[in-house]
Amino acid sequence: MKKRIILAGLLASIMLLSACNTGNKNSGNNPSEAASNATSNAASNEASSEASSEAPKEPITLTLFDKNVGDPFTNPVAKEITDRTGVFIEIQQPTGNPDEKLNLMLVSGDLPDIALIDRREATMNKYIAGGAFIPLNDLIDQYAPNIKARYGDVLSKSVYEDGKNYYLNNWYGLDPNPNWAINMRMDILEEFGYGERAKAGDSFTQEEFLDLLRKFKAKYPDVDGKPSIPMTVNAEHMPTIIGSFKAMYGMKTYYEKDGRLEFIVRDPRYLEMIKYINNLYTEGLLDREWGINKAQNYAQKTASGRVFATAGGVVNEANTAFRAELGEDTNHLFYAFKVTAPGVDPQKTTYGPRSSLGWDGVGITVANKHPVETIKFLDFLASEEGQYLLMWGKEGENWTMENGVHVPKKEALDAMSADWAGFSKTTGARKWTWMIRNGLGEDGTAYDLIFGYHKDNVNQHALKSMEGSSWDTALYDDLGPKAGSPDALSEQKIKDIIDNSFSAMVYAKSQDEIDGMYKKMIAELDANSAVKIEDIYTANYKVRMDLYNSAESK
Amino acid sequence: MEVEVDRSNEKMPFLKNPTIKKMVRQRYFYLLLIPGVVWAALFSYAPMVGLYMAFVDYQPTLGDFWGSLFKADFVGFQWFDYFFSGQDFVRVMRNTLVSSVLTLSIGFILPIFIAIALNEVRINWFKRTVQTASYLPFFISWVVAASIVITLLSAEGPVNQLLMKIGFVEQGVLFMQEGKLFWIIIALSNSWKEMGYTSIMYVAAIAAIPTELFEAAKVDGAGRLKQIWHVLLPMVRPTIIILLILNIGELMNTGFDQYFLLGNSLNRSYSDVIDTYAFRYGIQNGMFSYAAAVSMFKAVVAFILVITVNNISKKMGQAHLF
């Protein structure tokens, strides 16, 4: 009897489990895969049949992995690219974590023809060291005049250990646009008598900023029945938060002392910074939930009118909401400002970390059977013409040439401001962001039509107020120990310690307590061989400096 | 008249062996077993070869997984050594064990209560509604469930508003950034998500109890509570014990999603469990060997746990798995 019940129980549970498993698998994966296969097949059939009727030569199909795009290669820009280069791109669906997928493609040998990889991630080096990318130097010399002319020393700065180029930088050239800032509401600034200085884009000192937050809290303890939040942040971008405060002191990635690169926490001003933030927190000026706000909470809070200031990028969602509610010409908007620590020149603040060598790299894999066609294809995209096609869309459709200047059509501008994502999807402008160069084209118009052509008053103002705060991170990116070494484990451990201590110190109850916590953190760093990691940073930094100097003197 | 004698046994003497004889007699059952055995061999035993990765310094190279795995430098127990000697080991183990024991003690008892309560409900539509409602959370992915939990528990969320209304607290409690609350939040949300689903197994076990037993108990004058205590619980005990053994085997397997999604840098010293640790240090940094070593340690401990609990149960004369 007992046995039978056990058996029944077991069988029941097994059946339930297996039914659930298969059920999940079927509903989870297969249909979506099948659907995406079907669409991409349909897409490639459609495109190749259309293209073959126009172009004399049958276009070749190349597969491409880009973590940012999964759309079929069928919009007007895509068709134009295929017509001009004879290359049709089959986009590989970027699902889940891109690094995981890239690793999987590498070890299984199932590579796409072209891969875009974040050039500051370890994955890039794994691809090169693992022999997945082909060297491009000869191909560029022979077939890519545009790349050669336009990339300049970007290429010689991006060589691998063996002195060869394995990828082409994407989003290269120093982006002139401001990045992070301390954002403050203009209407409140005016109310407290800072209107003129604010409009002129002047910087504020930490004292003034603190005073403004206090005044805001005193005058508006409640907004719409809820307590006001003088300052909040988006915790999903923790590096942005820390970065915006570090920027007040002009701190960069590392603490440079006597030609050595050390962890930034060793900078004496780091402790000063922590105490400043802690003060904001203990006085109730910084959002109590600063450490866990998700993007959604952040958008909600900033748009509610309860917030006076934030640290981080431009507060787009809230500003859009304010404009929709109060009219286009409202000054009830977040504007970007520099706030400076005592004794720091506003020109020396570091609010705009940008990499002149770009975000990711475009590489040609060993699986690619048409390297020459591929480099020609990439060369076209990198050309002035290619850039405007990628970023502005088709000539005649989105823009026209007037007196040698690119002019967007009015319909395009309207469609863009109504729904830029939809505009991008239908016209293809800014959909395929490969080989992109930052900044302005030869005629002085911005390559980035959607975000660079028409600047609203907030962005116009930011150009002035944040001027001079951009700095190039390229020298400091990816200087750490080689992935997969025990040193990399130590580095991760140290970063964890620094992250955890940052939060703990900001939440500390008194400034004395912070001193103790700081000492403990430094002791923990040293216990985890921080000095050894710093030696690695310093050594890699020297190599990087030499490379850059020789690249620039060429 | 010639009698045909079955001489096949003489030709193949091994068929006389009683075990073989039994197997031949039961050949169709073995046929049924084949798919299961193949499945287990392919998906559970064959991949174990990859555990070798925990003992080498594996670096991925193009296309040739096995080649690069077996060519990699053999480092013995270096990765295990690193894991055990770091201060992380104690913290991660503590988080794993405490939060799963907490989950187990809440999440194991609740489904039994639900199943018994459902069994006592006589109104059919009500029973079905409750059952559906209680197992729905099981089908919500953790991504969604986690944001529900975070929203409920935010400083101005419904839970805090309720607490403030009844005057329990003055200012919203910061549930998600108070590390000490993390384990209980995880235990409750795990139980909430799993209880309905697990209770189905108990409902099935209860349904298998012959009604005569209840009727006999009733004749003997047992009330509802007495029936539950003296008939129902003893009858479902084997199911309870088997599920308990299975659950204890999962003690080290806390699950990954909920810890990853509900954890943040403020509660990390309480929310970092073996799985999230292996992910951050191993997968995110491309340290596959280290991740393999950490995960292998976890699997070995889980294995020992299951065997121990099973043997204890066997010794006590209770239901056991094997």
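Y255 of chain A stands opposite E262 of chain A, a residue of strand β11(A). The strand that pairs with β11(A), residues 260–263, is β10(A), residues 254–257; the two run in the antiparallel sense and are joined over four bridges. Two strands are taken to pair if DSSP finds at least two bridges between them. Strands (E, at least two residues) and helices (H or I, at least four residues) are DSSP runs, numbered from the N terminus. Together β10(A) and β11(A) form a hairpin with two residues between them, and D258(A) in the turn has a positive phi of about 50°.

This is a predicted model, in which local features need pLDDT of at least 70, side-chain atom pairs count only at pLDDT 80 or more, and totals for chains, interfaces and linings use all residues. Residues are numbered from 1 along each chain as its sequence is written, while chains are lettered from A and ligands numbered from 1 in the order in which they are written.

Chain A is divided into domain 1 (36–174 + 361–433), domain 2 (181–350) and domain 3 (486–553); such bounds come from an automatic or database domain assignment. The contact between domain 2 and domain 3 of chain A takes 14 residues from domain 2 and 18 residues from domain 3. Two residues are in contact if their C-beta atoms, placed from the backbone, lie within 7 Å. On the domain 2 side, the elements giving two or more residues are β11(A) and α13(A), residues 268–282. The largest share of that side, six residues, comes from α13(A).

Chain B meets chain A through 34 residues of chain B and 36 residues of chain A. The elements of chain B that give two or more residues to this side are α11 (179–207), α13 (224–249), α15 (268–271) and α16 (274–283). Within α13(B), the helix bends by about 45° at R237(B), and a proline, P238(B), follows within four residues. The bend is the angle between axes fitted to the seven residues ending at a residue and the seven starting there. Buried residues of α13(B) include L232(B), V236(B), P238(B) and T239(B); a residue is buried if 20 or more other C-beta atoms, placed from the backbone, lie within 10 Å of its own.

Finally, confidence. The mean pLDDT (the predictor's confidence in each residue, from 0 to 100) of chain A is 86, and 90% of its residues reach 70 or more. Over residues 9–55 of chain A, however, the pLDDT is below 50, and this stretch has 37 contacts in the model beyond near neighbours in sequence. Where pLDDT is low, the predicted coordinates should not be read in detail.

How values were computed:
Buried ≥ 20, exposed ≤ 12 C-beta atoms within 10 Å, placed from the backbone.
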